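This briefing sets out selected features of one protein model, grouped by topic. Please read it alongside the sequence and the structure shown here.

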Amino acid sequence: MRKIASMLLAAACAASVVVLPAEAAPAKGVQAEQVDRPNVRPSNWLKRLRRATAKFKDPRVAEKHGYIRSDNCWEFPYTLPRGERLGAMGYHYVNERLVNDPKIQLLRPEILVYVPDGKGGRELGAVEYFRIDRDQRIATSDDRPKLLGHEFQGPMGPHENGMPIHYDLHIWIFKENPKGMFEQWNPAVRCPAHATHSAHA
């Protein structure tokens, strides 16, 4: 997620809204990011999201659309009490233009998450939505966004030098996550031994 600091700091205090597809749109007069929609049928929004991002299954296409390649594979460095892995995320490709846009749009995720395909390549596993924390204080969360009835995780500190305090939300739309589609870490994902692993915790 390199270069993310410079592309985000300018938007840190900007007002943001969440844009949902038509079938998930909020009632008139209600702000989208405040709407809890746990009953929105997955068959609707999930199909549309997969269709909108299917072209990015090829990482080269994603790069042509402004997603910046990363060779840093994110894997949780610690285990739970019984040795269970939380898992990994994979490689984050960040779109600077979308991150700088204050809107959160379901069909235009700020980040694409690629996972190792077991053959030396990468395949699209998840999409990620990213929001800078307004006051840059981990202790407050009055601006926590919500999408499709799911609250964003955070606020969380930087994962690397220069990154602002932020919220994020993962949706594993192409790679099954045994813990759930909206979980941050996927225990079914492992970074290759030769990859640069993040110590993100």
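Q136 is placed in the loop between β7 (122–132) and β8 (146–147); strands (E, at least two residues) and helices (H or I, at least four residues) are DSSP runs, numbered from the N terminus. The model is predicted: local features need pLDDT of at least 70, side-chain atom pairs count only at pLDDT 80 or more, and totals for chains, interfaces and linings use all residues. Residues are numbered from 1 along each chain as its sequence is written, and side-chain values use heavy atoms, with hydrogens and water left out.

**Backbone geometry**

- Q136 is not a glycine, yet its phi is positive, at about 55°.
- Q136 counts as partly exposed because its relative accessible area is 30%; the classes are buried under 20%, exposed over 50% and partly exposed in between, with a 1.4 Å probe and protein chains only.
- L148, in the loop between β8 and β9 (150–151), also is a residue other than glycine with a positive phi, near 55°.
- L148 counts as buried because its relative accessibility is 5%.
- The peptide bond from G154 to P155 is cis, with omega near 0°, and P155 belongs to strand β10 (residues 153–156).
- Most residues other than glycine have a negative phi, and most peptide bonds are trans.

**Buried residues and their surroundings**

- L106 lies in the loop between β5 (104–105) and β6 (111–116) and is buried, since its relative accessibility is 0%.
- H166 is part of strand β11 (residues 166–171) and counts as buried because its relative accessible area is 0%.
- Beyond its neighbours within four places in sequence, H166 is in contact with residues including F130, R131, I132, D133, G154 and P155, where contact means heavy atoms within 4.5 Å.
- Between the C-alpha atoms of H166 and F130 the separation is 7.2 Å, and these residues are 36 apart along the chain.
- The side chain of H166 reaches the backbone oxygen of P164 at 3.0 Å.

**Polar contacts of E75**

- E75, in strand β3 (residues 72–75), counts as buried because its relative accessibility is 12%.
- Its side chain makes a polar contact with the side chain of R85 at 2.9 Å; such a contact is a pair of N or O atoms within 3.5 Å, where within protein one must be able to donate a hydrogen and the other to accept it, and residues adjacent in sequence count only if both atoms are side-chain atoms.
- A polar atom of the E75 side chain also lies 3.1 Å from the backbone nitrogen of C191.

**Second largest pocket**

- The second largest pocket holds about 190 Å³ of space; a pocket is an open set of points on a 1 Å grid over the protein atoms alone, where a 1.4 Å probe fits, with protein on both sides within 12 Å along at least five of seven lines.
- Its volume is the space filled by probe spheres set on the points, which are joined across faces, edges and corners.
- The lining comprises 14 residues, and Y91, G120, G121, R122 and H194 lie nearest the centre; lining residues have an atom within 4 Å of a point.
- Helix α3 (residues 59–64) supplies the largest share of this lining, 3 residues.

**Whole chain**

- The protein chain has 4 helices and 12 strands, and 48% of its 201 residues count as buried.
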